[in-house]
Amino acid sequence: KVQEALDLEERQKKEGLKKKAKHPGNKAQLEEVWEAEGFDRSTFNPKTFFKMHDLNNDGEWDDFELEAVFEKEVDALFEGFEDVDQEEKDEEVSRMREHVVEHVDMDGDGVVQIAEFLEYAKGKEFDHEDPWDTVFGDSFTDEEFDEFEKSLEEKEKEEIKAQADLEKQKRLDTI
């Protein structure tokens with residue numbers, strides 16, 4: 001019962017943090033990064049922000065530069081959890097990067113150029129404040145997980161039986 005209470009508390013904590021996660025690449029999220037870097041939120045400037053995070057000064061954000069923008073936010077999302085899974089954090093950063101590339105990279109080359117970012121910053125999508133659905137947002141109860149495992153076991157058994165039947169038929173065909 002103690003473990004169940006701890007698990008419930010952890011799920012509730014994750015749900016609360018899920019609601020706090022800012023949508024990656026939107027103005028509110030980037031202003032938060034700006035502020036965390038010591039600047040006044042009211043002075044946020046997309047062009048300056050872009051150039052500050054274009055670490056190699058090539059006029060575009062590659063995967064590493066984009067992920068660096070999200071790492072502090074993801075660290076903050078996981079703050080206070082007892083068993084932080086680094087893979088889960090990495091997945092969250094990766095999902096955020098992919099989301100921004102999908103919405104901002106207009107020419108599909110996999111990087112975000114300054115012109116693309118500035119054009120995006122002028123659009124209405126930049127100002128939206130929809131919450132971000134985090135990786136850990138989908139918590140399952142023990143019963144749901146047990147049911148899922150059972151359905152996987154049943155599918156595996158069906159696949160093994162189908163494979164055995166196929167092998168049996170091949171042997172019969174060769175006789």
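The stops below follow salt bridges in this predicted model.

**Starting point.** In total, the structure holds 10 salt bridges. The tour visits some of them, including the one between E31 and R41.

**Stop 1: E31 and R41.** Select these two residues. Their side chains form a salt bridge, at 3.7 Å from N to O. E31 lies in helix α2 (residues 27-36), while R41 sits in the loop between α2 and α3 (46-53). The two are 10 residues apart, and the pair links distant parts of the chain. E31 counts as buried because its relative accessibility is 13%, under the 20% cut-off. R41, at 27%, counts as partly exposed.

**Stop 2: D75 and K89.** Clear the selection and pick D75 and K89. A salt bridge joins their side chains, with 2.8 Å from N to O. D75 belongs to helix α4 (residues 63-78) and K89 to helix α5 (residues 86-104). This pair, 14 residues apart, links distant parts of the chain. D75 is partly exposed, at 40% relative accessibility, whereas K89 is buried, at 14%.

**Last stop: the network.** Which residues do salt bridges with shared partners join into one network? Select K27, E31, E35 and R41 together: these are its members.

Note on methods. Residues are numbered from 1 along each chain as its sequence is written. This is a predicted model: local features need pLDDT of at least 70, side-chain atom pairs count only at pLDDT 80 or more; totals for chains, interfaces and linings use all residues. Side-chain values use heavy atoms; hydrogens and water are left out. A salt bridge is a side-chain nitrogen of Lys or Arg within 4 Å of a carboxyl oxygen of Asp or Glu. Helices (H or I, at least four residues) and strands (E, at least two) are DSSP runs, numbered from the N terminus. Buried means under 20% relative accessible area, exposed over 50%, partly exposed in between (1.4 Å probe, protein chains only).
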